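Hi,

Here is the structure I promised to pass on.

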Amino acid sequence: MNIILLGPPGAGKGTQAQRLVERHGMRQLSTGDMLRAAVKAGTPVGLRAKAVMERGELVSDAIVSALIGEELDAMPPGQGAIFDGYPRTAAQAEALDVLLEGRGRHLDRVIELEVDEDALVDRITGRFTCATCGKGYHDKFEQPKLPGTCDRCGGHEFKRRPDDNAETVRTRLAEYRAKTAPILPIYEARGIVWRVDGMAPLDAVTAEIERIVGDEAAAERG
Ligand code: ADP
Ligand code: ADP
Ligand code: ZN
């Protein structure tokens, strides 16, 4: 089972991907996370991507598709993939088809998280993650159950992304509208797009996604 979570920055892709990983043992392939790791490690890719990401623009198609290819190669063939934040352009969508086909995989579902743009700045400026395990949280919508302690790993350190500010969010949204939203028709033509109301409470969104992927994922797991 290979699925794409599609939606603008702050739509809830990362949060829902983490939940799918926990429930179904699928693997989250987030190009944003891969790029941030590359920036942190100071690799050649990271050095090229850093300033682009800080501006909220898109990193080159060749770079992100290469990262996805490497991650797919490292996965057991039977493990399902959740593409989070990839593809973001028509060229990436084409590259993904080739990458999957070359590895005997195919795309099962594209789940579009529909959200009001007005809500996104709030979502993004309130977002933070556990510095130890990466679990996502939000100042208003998903705080750790015990203040200052990560629900998942018990860590006490949290971090915020430098690009999660109101100004950069506007650039990221413009990029989404101009380059990413236009890839939906490619998948609509294949009849694999499912729409989910991303404005619903977190658990309701999870339940809806579960309805869409749950049975198949459970069957694969055996
Ligand atoms: P994306 O990966 O699409 O950029 P995230 O999953 O990181 O988005 O979500 C952005 C922020 O909004 C996070 O802090 C998350 O906790 C919060 N969030 C996600 N989905 C919802 C929701 N349905 N309702 C309220 N807050 C949400
Ligand atoms: P969000 O889902 O909140 O928009 P991501 O973590 O997916 O954020 O991406 C953060 C930044 O990393 C993007 O603004 C962009 O600069 C870069 N990036 C991530 N994925 C891609 C991609 N598939 N193509 C080009 N740039 C990407
Ligand atoms: Zn943690």
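**Around the ligand**

The shell around ligand 1 is made up of nine nonpolar, six polar and four charged residues (Ala, Val, Leu, Ile, Met, Phe, Trp, Tyr, Cys and Pro count as nonpolar, Asp, Glu, Lys and Arg as charged, and the others, Gly among them, as polar). Before you read on: this is a predicted model, where local features need pLDDT of at least 70 and side-chain atom pairs count only at pLDDT 80 or more, while totals for chains, interfaces and linings use all residues. Residues are numbered from 1 along each chain as written, chains are lettered from A and ligands numbered from 1 in written order, and side-chain values use heavy atoms, with hydrogens and water left out.

Of the 19 residues around ligand 1 (a heavy atom within 4 Å), G10, K13, T15, R127 and Y137 come nearest. Now the polar contacts (pairs of N or O atoms within 3.5 Å). A backbone N or O atom of G10 sits 2.8 Å from a ligand 1 oxygen, and a side-chain N or O atom of K13 is 2.8 Å from an oxygen of ligand 1. A polar backbone atom of A200 lies 2.8 Å from a ligand nitrogen. On its own ligand 1 exposes 560 Å², of which the protein buries 91% (Shrake-Rupley areas, 1.4 Å probe).

α1 (13-24), β6 and α9 (202-221) each give two or more residues to that shell, and α1 gives the most, with three. Helices here are DSSP runs of H or I, at least four residues, and strands are runs of E, at least two.

Cheers

Terms used
A polar contact is a pair of N or O atoms within 3.5 Å; within protein, one must be able to donate a hydrogen and the other to accept it, and residues adjacent in sequence count only if both atoms are side-chain atoms.
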